[in-house]
Every structure is written in structure tokens, then in C-alpha cells.
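This report concerns strand pairing in a single structure. Please consult the sequence and the coordinates shown here while reading.

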Amino acid sequence: MKKYLLLVILLVAAIMIAAGCNQKDKTTMNENYKNVGGVSQANIDSAIDELVNKYGNEHRARIEKGVKQIAALWRTQPIDASDNSVDGTSNDFIEFCKNSFVSDSVKLFELFNSCQTHLEVILGHFNKVSLQLKRPVHLEGYASITLADEILAGYEPSDNLVNDMFANKFAFLVGLNFPYFTLTEKETLGKNWSRQEWAYARLGDLFTTRIPSSLNQQYSQIISNADAYITNYNIYVGNLVDDNMNTHFAKDLKLISHWNLRDEIKSQYSNGEQGTVCQRMILDVMLRIIKQEIPQSVVDSDKFLWNPKTNKVYQDGKETKFETEPYTRYQHLLNCFLINTQIDKYRPAIGNLINTTFDVQYEMPVSEVAKMFDEYLSSALVGDVAKLIESRLGRKLEPFDIWYDGFKTRSSIDQVGLNKRLAAMYPDTNALQKDLPNILVKLGFTKEKAKYVSDRIEVNASKGAGHAWGASMRGEKAHLRTRLGKDGIDYKGYNIGIHELGHNVEQVLTLHDVDYWMLRGVPNTAFTEAWAFIFQTKDLELLGIRSNNQMDEHFAMLDKFWGTMEIMAVSLVDQMVWDWMYKNPNCNKAELCAAVVKISAEVWNKYFAEHFGMKDCPILAIYSHMIKIPLYLSAYPIGRLIEFQIADYITGKNLGTEMERMSKQGRLIPDIWMEQAVGSRVSYKPLLDAATKAYNNLK
């Protein structure tokens, strides 16, 4: 599942948003801020001249960069009526620069070390507070959710942090001495930077925009509301009926959208014709959700029977009237968009959330990512594999076959027996907690390292589909959340748990084993997804279920290809929906729904209609990430590409040893990280080439 908390932990949101200004050029940034209380060019020149005269021309480049950047953020007058903070006069600005610039390299490192130490304390404790406040809404074990729980789950204690750091001049101190480098500069200069210089650059990323705390808090609440909506979006599939009023699922089975619905489709491939009946029924459910034709009364309720094909609802054996969901799904998405249009005003040099997400958070331009996805999806192999799947199924492809799971070894495994085995192994979270060291040893870690990592992970039962929440300071634990049934963990919960364990191990290693706290973590969320995917693919192997059949390896490669293809298409829909919203900022929730349906159908038609024999299917819009985690979906396909490159590199090597080595790099930019880890940049071609070879071997 997702490691969505790298974006949704709203402790980090304040810093991530603050890092949302990827300067296109310094002049643009300065001019944007001149109109809202910035320092004049004459005063900027004066500050630079005084510092160069004092410390020498050898420091000019760093002086100019730092002075110009903080001048763009310094306020000599209030920015607007809602934010009347003032930093001082232009003379105060000059004096601050004179008194705060550090030229000596030893003292500069001392300043850096002091900054990162204090930030670890501040951000680490904010993370801990946020974690605790959200426990009632995230975890099982709470008898009821009170209004206080709901309110405080949406409260982010760090929302005013960035503004506080500007008010007390800490942000200016950082910006002056550790200036911000653009992505282009990091790409060209970073290849020759030392670890210390990289750490300095990451410190410089933190304070480049000033967003009012009121907007940060609104954003936190909006995301929290969307999260709560999705967390409780369960469908009681045991209450689904066909035209003859027959049910086809276990009576008490409820599935969260979209994760469990999608995974139920995958699990039904081993059930023959009956499985296909169930898959078609879930497809109808998904389409009703996407189009918001779903009866409100059947969402998270088992009081009614529902035929999703005819969209009829029954109670006590009689058809009953109902109200459809009033575009609630798209109202949450629209709320997120609207708050971002307000935040955009405070990141003028980057433009909007799309560029902030890709240029700053992913550090991969959206145009390059979209081009990479398009080329992969346009490959001839898509049609070839579609025909292969069709022949294996013995029927024409249907839209839900976008999640075809028949290439995996587990597709032929008795799901009921596997669920019973797992429930016996892991009847509760304590059992999984105790087994973590054994799992990690099986994955290649030494006993000592397995214990070291496991001691820093806490397992919890999740109300939602599952997630991983990392610590932000040493001494705190990462949290593995997965869903448990009443009788213990089933295969879905186990599979999710192993995925989240990959996140957790990365979180532990990149916090505790990286040399500088400012370099903790990975280049972007796609990298932690890559590790999670690598762990997840070994779920059956960890249970002693494996195949040495060469054909199985070829099929496994096609499974990677097909799964990456599907999530790339979903991600393109996500990107295009946000682009549409920015082009149609005055849309309402009904218009947004129509646009999402149209866009997803267009993506389907471009890449899949020919192979599936069906046009205008909007199924690619079902992912819940679109609603509660803005533009997160692209992390998955990027992660899969990275996963393959890493997995291919470590073939024949020890996973644990290689993961430790690579994780110690910390948060470099993606291409440099990859070059040092596996010797090549991020690319879809290695996976496509390997999948093509596998397909040819099966012909």
C-alpha cells in the first residue's frame, strides 16, 4: 500500500510546502515579492557590497545567493490584512546580513550542526504529537470516535512552524548561510558535492516561501477530512445481489474502496467462472463510485441489499428508493484544489501544486515523468501481453483485467487455506511484531541488524487499508499499520503488512544510519515505494512458497510489466485531472466528476480500448489516492521502475547488505542517487526490455 504519510503527515506539510518554491530565476522571485513588502534592489546591493568588502571576493557567490534569496522573503511592510507580520526596515535587513553571515568554514559547520540538531528536536516532537492525535481515527481498538478525536486528527501542531521561524529570524539565518539550489543546479553541481555540501543544500531547501499558518491549518483539516471519508468508505459485498437476488460473497465481507475492491478482483482469478461473476460485480460497484451513482445508503452500511448492475436497492425483500452520493467524492478533491490555489499565491516562482510536487518533492519534472509514462504505455508489448492474458483466460478481456493477477504464483494457491495459515501465524499484531526479526533475517539482514531495525518498528492494527508512518527523530519508532480481521491477519493484510515493512525498514535505515540528519530519508516517495514493492514481491517466499520454474520467472516479469502499466495510466489520469482543475478553477463538484470520468475514459481509449475491445471506460479513476493525497499516485510507477532497477542490480547479491548501502546515501536527487546505487539514471527501458525478453521466451 501507500506510504502516504510522507505527504500527509502534516508535520512535514509545513516544511514541504515551504520548500515549494523551485526558483526559475532569482529575478522572478525578487520581483514577485517586491510588491508585498520586499527589500529594494539598492538595499540588496548594499548588503552584498558590505559583506564582500568585509569577507573577501572569494565569498561573493554564496553572499549574493543568500542575500538575494532572503531579501525576497523579508517583509518591510505587511503582506496583506490577514498577515501583518513585519521583519524590519531595509536598514534592519542590511544589519541582519552583516551580523549573521558566517564565512569561516569551521564556524559554518558548527552553525549547520546546531541547526540540524534543533530541527530534529522540533520536527521529531511535532511528528510524535501528530501521530498521537491521529491514533483514534487511524487505529483499531477505540470503542468510538468522538468529535474531539475528529477535530484533533485534523489539527497539525506544526502549521505555524515556518512562520515562527521567519518571525524569530531563524529562517533568514538559514537562508543567508545555506542558500537554496534549484533542481538544475543540484543536477549539475551535485555530482561533485561532498556529503557535507549535500547536507548544506538540503538545509537550504527548507525556507523558501512564507505561507500563512491559517492556510496550512486549513490544508491539514481538508486532507484529514478526505482521509476520514476514504477510511470509512467500505462496501459490504456480502450484501451485493445479482438480478436473481443471489449473493456471491461471504456474508460479513466488507471491502474498503479502492484497495480491497481491487485486491478482491485479483484474488478471484483462481475461482473460475464464479470468480468472473464476482469481478464483474465489483467492476459495477467501482463504476458507480466513480460516476457518483452509488446509493448513499450502501456506503459503509449492511442494512440494504444492492444490485450494482441495475443500481437497485432492497430492504426486507422489497425495492426501496434511495439518494445517490451527492458528489461527496469530488467535493473532497475540489476542496483540496481550492486550498492549493490560495497557497499558490505564496509560491509564485514555481506556479502551482503540480510543479511543486514534481519539481520540488519528486525532483523530477512533470513533463519528463508524463513523457516516460506515455512511451511505456505506447509500447507494442501492451498489446502482446493483452493477447497472452486473453488466451490464458479463455475469454475476451474485460476492464477489470487491468488488474489481472494470473501471472503470479499465488494466483493458483488456495486463498482460503492461505488465509487460515496466516491467521494462525498472526492472530494479532503482537505475533507479527515478534516475528519481524525472523522476517528480516529471511530477507538477508544479519540477526544483529534485524533486531536493530525491528526494535525501531511498532506494529498497529489499522482501521484503513494500511500505511507506514516513520519517525522524524532518533529514539522514536516507525509504525507499521495493516488491517487485521476478527480471526487474525488474512493474505490481504499480510501482503499489505510486508509492503509497509519495506517502508519501515527504509525509514529506520535512512534516519538512523545516514551521516547527516538533514540527509535523512530518500530522494522522493517513489524510492520508499520501490523498497516496499521489493519486500512485497517476496511475501510468498517468506512463507516458504516459491517456484524454481524458469517459466514462472518469465511470468513474474510480465506481471511487473502489467502492474506498472496499470498504475502509470492511473497516474496520468491524476496528473491530467489536476491540470484540468487549474484550467477550470471555477468548476463545481458535479462538473469535476464529469471531467474525471471524461479524462479517465480518454486515457483508457488511448492506451487500452484497442486491446480490451471496449471504449470510454473510466475505471482508471477509482483510486482513492486521487481524493485524499494530491498527486501522490505518480510515486508508484516511478517506484516500480526504480524497484526493478534496484532488484535487477541486487540479483545474486544480499538484499539486506545492499539496502543498507543504498539507504545510507539519504536524500540526494533521484538520478544521482540511482547512479551511485545501481550505476544508471531512472528509466523505464530496463523493465520494458526485460519484459519483452520474457514475453519472447514464452512465445
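Predicted model: local features only at pLDDT ≥ 70, side-chain atom pairs only at ≥ 80, totals over all residues.

## Sheet architecture

Strands E3, E4 and E5 form an open sheet, arranged in the order E3-E4-E5 with antiparallel pairing. E3 and E5 are the edge strands, each of which pairs on one side only. On average, neighbouring strands of this sheet are turned by 40 degrees against each other, direction ignored.

## Pairing of E3 with E4

Strand E3 covers residues 305-307 and strand E4 covers residues 312-315; the two run antiparallel and are joined by three bridges. Within this pair, Leu 305 lies opposite Tyr 314 of E4, and Trp 306 lies opposite Val 313 of E4.

The two strands form a hairpin in which four residues separate E3 from E4. Asn 311, located in the turn, has a positive phi of about 60 degrees.

## Pairing of E4 with E5

Strand E5 comprises residues 318-320 and pairs with E4 in the antiparallel sense, again over three bridges. Here Val 313 stands opposite Thr 320 of E5.

Definitions and conventions. Residues numbered from 1 in each chain as written. Heavy atoms only, no water. Pairing = 2+ DSSP bridges. Axes fitted to C-alpha atoms, helices over the stretch in contact; angles between N-to-C directions.
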